[in-house]
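Please open the model in your viewer and keep the sequence panel beside it. The tour below goes from one selection to the next and says what is found at each stop.

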Amino acid sequence: MNALGRHIIVEFYDCKPELLNDVVYIENSMVASAETAGATVINSTFHHFSPYGVSGVVVIQESHLAIHTWPEYGYAAVDLFTCGQTVNPWVSYNFLKEAFGAGHGSTIEMRRGEKSLLARNDFDIHKQREERQDDTGAPLKTKDIWFTERNDNIALSLKHSGERLYEKESDFQKVEIYNTHAYGNMLTLDGMVMTTEKDEYVYHEMISHVATLTHPNPKRALVIGGGDGGTVRELLKHDSYEEVVMVEIDEAVVEASKEFLPEIAKSLDHPKLSLRIEDGIKFVKETKDAAFDVVIVDSTDPVGPGEGLFTEAFYKDVYRILKNDGIMVTQSESPRFNQKVFKEIYDCYGTIYGKENVHTYLVYIPTYPTGMWSFSYCAKGSAHPLNTIDENRREGFLAANELKYYNEQIHQAAFALPNFVKGILGKE
Ligand code: SPD
């Protein structure tokens, strides 16, 4: 190509007005059109005007896509600007024409940056970087690329290096590993943060040790999900376990974690671990009654493959496969970010285990949206997470293992719920 980039100026007419006024739909369509064309999305920002109209930009590694809509005229003005050879802006054009239901479109394509008119002027980029430092004195990361997880109202963003260390569209979900500046390597599934190298211990210690130390003598544990390996790493620190079975549906999660999250995944080859790559729902359904002392549901969020792990039918099966004094712990989402699910599953556990045997506890995980995350402790028998702990056993365990988050006080404090959380759960 004799130019740096291609710029298509697009007029879309006779679009569906309601689509052109839906800021979430438009942002998702613009981002998907970029990805379908093979572009790498850096960030996007969109705004809805009252009462009509949306404006927004998707910044891609290869330039940008922008849009302004006039829903009342069924009209959208779109710019598709790509540079380099790999991204074809016409793929985005076709995608968007269909997405907005455009009756017709007209376009002008311009070549940007005629090479015959450009003179290359290389400058010392390293010198420029060395001169700028962050507050620790380290060279400043001049790339400004952010990963963002969001729902309709809340977002969490982390700056990363821009390269994806791992990226696979598996049969179940999109599995990615980013290298973030503040939290090290980070695993995401379908764009949702699962774990990061620097704060994973909060989640994995708290999902594992509360139940294990409350159970009088846990010998067999089952982990549903948890393919990164963090939960089994923590469970296997307890000598009482004779076997830990982990059932992860997606081999790509295990593969990515072994390669890029080695500290988290380090027990995935442990001799006491039976690792099964299969559907956890089916596994639980086919397991005989009273087979496990502890069941940990280390699921993703309730979308995609994780959805079936948030149903009454599944939890009833888990109840059945627990021994009479067995304990289940599940990750139960954020009281703020996923309030509806948080409340629904609490009620569901209450009907299965009896309200008095269900105890919600909270942890603080900076890389999950809102930072506040919950676990649910459910006892089939009467094991109470605060009253039935064998202190000698716990002391011995803590002396032998250097944990980063869990201790006696945290165990106790995690069950203290703020009033607004009690309110959501309908507790006095
Ligand atoms: N939004 C995060 C929900 C927690 C998902 N599980 C994390 C897996 C870590 N082993």
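Which residue in β5 is the bridge partner of Val10? Select Val10 and look across to β5, where the partner is Val78. Before going further, note that this is a predicted model, in which local features need pLDDT of at least 70, side-chain atom pairs count only at pLDDT 80 or more, and totals for chains, interfaces and linings use all residues. Residues are numbered from 1 along each chain as its sequence is written.

**The domains**

Colour the protein chain by its domain assignment, which gives domain 1 (3-115), domain 2 (130-196) and domain 3 (200-425); such bounds come from an automatic or database domain assignment. The centres of domain 1 and domain 3, taken over C-alpha atoms, are separated by 43 Å.

**The six-stranded sheet**

Now select the strands β2, β3, β4, β5, β1 and β6, which in that order form an open sheet of six strands with antiparallel pairing. Strands here are DSSP runs of E with at least two residues, helices are runs of H or I with at least four, and both are numbered from the N terminus; two strands pair if DSSP finds at least two bridges between them. The edge strands are β2 (41-48) and β6, each of which pairs on one side only. On average, and with direction ignored, neighbouring strands of this sheet are turned by 10° against each other; the axes behind such angles are lines fitted to C-alpha atoms, for helices over the stretch in contact, and angles run from 0 to 180 degrees between N-to-C directions.

Stay with β1 (residues 3-13), which is joined to β6 (residues 104-114) by 10 bridges in an antiparallel run, with Gly5 standing opposite Arg112 in β6. β1 also pairs with β5 (residues 75-83) in the antiparallel sense, over eight bridges. Moving on to β4 (residues 63-70), you will find that it pairs with β5 over eight bridges, again in the antiparallel sense, and that His68 has Ala77 in β5 as its bridge partner. While β4 is selected, look at Ser63, which is found in this strand and has a positive phi of about 120° although it is not a glycine.

Next, go to the loop between β2 and β3, where Pro51 is found; the peptide bond that joins Ser50 and Pro51 is cis, with omega about -5°.

**The helices α2 and α3**

Select helix α2 (residues 23-36), which lies across β2, β3 (54-60) and β4 and runs at about 155° to β2. Ser29, Ala32, Ser33, Ala34 and Thr36 in α2 meet Val91, Ser92, Phe95, Leu96 and Ala99 in α3, where a contact requires C-beta atoms, placed from the backbone, to lie within 7 Å. The residues of this contact divide into six nonpolar, four polar and no charged; Ala, Val, Leu, Ile, Met, Phe, Trp, Tyr, Cys and Pro count as nonpolar, Asp, Glu, Lys and Arg as charged, and the others, Gly among them, as polar.

**Two hairpins**

Move to β8 (residues 155-169), which is joined to β9 (residues 174-180) by six bridges in an antiparallel run, through a hairpin of four residues. Here Glu169 has Lys174 in β9 as its bridge partner. A further hairpin, through three residues, joins β9 to β10, and Val175 stands opposite Leu189 in β10.

**The ligand**

Select the ligand and the 14 residues around it, of which Met194, Thr195, Asp228, Gly230 and Asp301 come nearest; a residue is near if its C-beta atom, placed from the backbone, lies within 6 Å. The largest share of this shell, four residues, comes from β11. By class, the shell has five nonpolar, six polar and three charged residues, and at least three residues are drawn from each of domain 2 and domain 3.

**The seven-stranded sheet**

Finally, select the open sheet of seven strands, with the order β14-β13-β12-β15-β16-β18-β17 and mixed pairing. β14 (273-277) and β17 (358-364) stand at the edges with a single partner strand each, so one side of each is left without a neighbour in the sheet. β13 (residues 243-248) runs parallel to β14 and is joined to it by five bridges, Val244 having Leu273 as its partner in β14. Helix α9 (residues 312-321) packs on the sheet, touching β15 (292-298) and β16 (322-331), and its direction makes about 140° with that of β16.

Terms used:
Two residues are in contact if their C-beta atoms, placed from the backbone, lie within 7 Å.
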